[in-house]
Amino acid sequence: MLFGKITGTVVSTMKDKKLEGLRFLLVQVVDPDGKLMPQYVVAADSVGAGIDETVLFATGSSARQTEKTDNKPVDAVIMAIVDTWDVNGKTIYDKSKSDLITV
Amino acid sequence: MLFGKITGTVVSTMKDKKLEGLRFLLVQVVDPDGKLMPQYVVAADSVGAGIDETVLFATGSSARQTEKTDNKPVDAVIMAIVDTWDVNGKTIYDKSKSDLITV
Amino acid sequence: MLFGKITGTVVSTMKDKKLEGLRFLLVQVVDPDGKLMPQYVVAADSVGAGIDETVLFATGSSARQTEKTDNKPVDAVIMAIVDTWDVNGKTIYDKSKSDLITV
Amino acid sequence: MLFGKITGTVVSTMKDKKLEGLRFLLVQVVDPDGKLMPQYVVAADSVGAGIDETVLFATGSSARQTEKTDNKPVDAVIMAIVDTWDVNGKTIYDKSKSDLITV
Amino acid sequence: MLFGKITGTVVSTMKDKKLEGLRFLLVQVVDPDGKLMPQYVVAADSVGAGIDETVLFATGSSARQTEKTDNKPVDAVIMAIVDTWDVNGKTIYDKSKSDLITV
């Protein structure tokens, strides 16, 4: 998994029928220091994530292991909203402080 | 998934027999700002996408989860045609305006 | 899938027993403009491809979806020989003209 | 698999229900010379790894092949704690000496 | 698959129980010209490969398709020892001559 920040939404009406009802969000990759990286993915949402939230996303076949994405043609899923993470004993991100430290 | 723009078509008569009837399209990757990237993939089409359309494509085993690609040796599938997408509250792409903003 | 050109052959006698009878070919990646890229893969052949032919190859679990590669430990398969491809309405490659346009 | 060093922990309460009870650790990639690389992954822990330990992690669908990660939406798992590794007959890392040689 | 040269060994006692009895080898990637690349992977051995041997390795779910790796949390497997390979009609590597041509 990688850290990501929800930066956008995607709307599609003409799509594979298995995808009805799934939300697609634009996720920008965040590195362990909390810095936004020039890397993104469009992921299915399985946890009710919202714009600006910091999440974990999984890719590949693992993206189909949630109830909402089972057997569907999606290769990325948001499977957790991050509360906090620490690197070398230092808190880099704390959701309760709405605080994403960017270098 | 990633955004892509359909830029070409591929014709093959000598191929694995499971691939009969599948259309192969050339897809150039588009970044969240709507800019064409120097990255491409040949994908099977599951939604009737046409030249110049902006789509979402999925790769890996997820590419086999549509009705048209089930159990077939394809590692990329176009599974949605994009109507619009937004980044940080700003509309980057709107199909109804036939408008792909490129930086 | 990506475009590739068959540039070589690989011989192995000591191998997993499931691989008996499979041909391994060296494939160099070709970009949409027909240019050879500094990127390669060793792929199992499922279509009788020969040296210098331009092909499509699939990677990952999809490489096991042909009759010849079913359940075998291979992560790349040549699943089609390309006749022609077009980009933006221009024919880049046409096998009948034995013509690979390289930039 | 790649070598990694556990550098942090991740806490998430809102997540896919299958993920209950799994520990997520931040893993920084280590190269064969024992050097920390600017590359990381968040992995599920299946072996009780702790901060600063040097481990092996697997990605993709293989990350779901441990008892703790079976059928769960995770794409990376720590599946071994490394005791030692050698390159060209020279010991690069020896856990008993708590010694990670970094170049 | 990619070409690799076995350059080292990895020892681990604390690991997922399914991994008992598997050998883990350090594999450095070799390009089609026989040149060692700055890229490596730790792979499970399914063919009895030894230090300095030139092999083929497969990654992803295909790494679990050998008898020794079936259902195990490994994402790379050595599935063949290479005898020879040719590029554009020229032999680049011939095991019987213990000869790896490096540029």
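How many bridges join strand S6 of chain A to S1(D), and in which sense do the two strands run?

What we have here is a predicted model, where local features need a pLDDT of at least 70, side-chain atom pairs count only at pLDDT 80 or more, and totals for chains, interfaces and linings use all residues. Residues are numbered from 1 along each chain as its sequence is written, while chains are lettered from A and ligands numbered from 1 in the order in which they are written.

How confident is the predictor? pLDDT is its confidence in each residue, from 0 to 100. Chain A averages 94, with 94% of the residues scoring at least 70. For the complex, the ipTM is 0.93 and the pTM is 0.95.

Now back to my opening question. Strand S6 of chain A, residues 84-87, and S1(D) run antiparallel, and four bridges join them. Strands here are DSSP runs (E, at least two residues), and helices are too (H or I, at least four), numbered from the N terminus. Two strands count as paired if DSSP finds at least two bridges between them. If you want one spot to look at, find A:Asp86, which stands opposite D:Thr9 in S1(D).

Two residues are in contact if their C-beta atoms, placed from the backbone, lie within 7 Å. Chain D brings 26 residues and chain A brings 26 residues. On the chain D side, the elements giving two or more residues are strand S1 (2-11) and strand S3 (36-45). S1(D) gives the largest share, five residues. By class, that side has 12 nonpolar, eight polar and six charged residues. For the classes, Ala, Val, Leu, Ile, Met, Phe, Trp, Tyr, Cys and Pro are nonpolar, Asp, Glu, Lys and Arg are charged, and the others, Gly among them, are polar.

A residue to look at here is A:Met1, in the segment before strand S1 (2-11) of chain A. Is A:Met1 buried or exposed? It counts as buried because it has 26 C-beta neighbours inside 10 Å. The rule is 20 or more other C-beta atoms within 10 Å of its own for buried, 12 or fewer for exposed, and partly exposed in between, with C-beta atoms placed from the backbone. Leaving aside neighbours within four places in sequence, A:Met1 touches residues of its own chain, including A:Phe57, and residues of chain D, including D:Val41 and D:Ala76. Meanwhile A:Val11, 10 residues from A:Met1 in sequence, is 25 Å away, C-alpha to C-alpha.

And how do the chains relate? Chain D can be laid on chain A by a turn of 72° and a shift of 0.0 Å along the axis, with an RMSD of 0.0 Å. That is the relation of a five-fold axis. The copies use different surfaces, with 12% of the contact residues of chain D recurring in chain A. Superposing is by least squares on C-alpha atoms of residues with pLDDT of at least 70 in both copies.

Chains C and B give another such pair. A rotation of 72° with 0.0 Å of shift superposes chain C on chain B. There, 26 residues of chain C meet 26 residues of chain B. The chain C side divides into 15 nonpolar, nine polar and two charged residues. Strand S2 of chain B, residues 14-15, pairs antiparallel with S6(C) over two bridges, and B:Met14 stands opposite C:Ile81.

Which chains don't touch? No contact joins chain A and chain C, with closest C-alpha atoms 10 Å apart. Chain B and chain E don't touch either.

Last stop, inside chain B. S3(B), residues 24-30, and S4(B), residues 36-45, pair antiparallel over six bridges. Their hairpin has five residues between the strands, and B:Gly34 there takes a positive phi near 90°. S4(B) also pairs with S6(B), residues 76-81, this time parallel, over two bridges.

B:Phe57 is one of the residues with the most contacts inside the largest nonpolar core, which has 165 residues. Such a core is a set of buried Ala, Val, Leu, Ile, Met, Phe, Trp, Tyr and Cys residues joined through C-beta atoms within 7 Å.

Notes:
pLDDT is the predictor's confidence in each residue, from 0 to 100.
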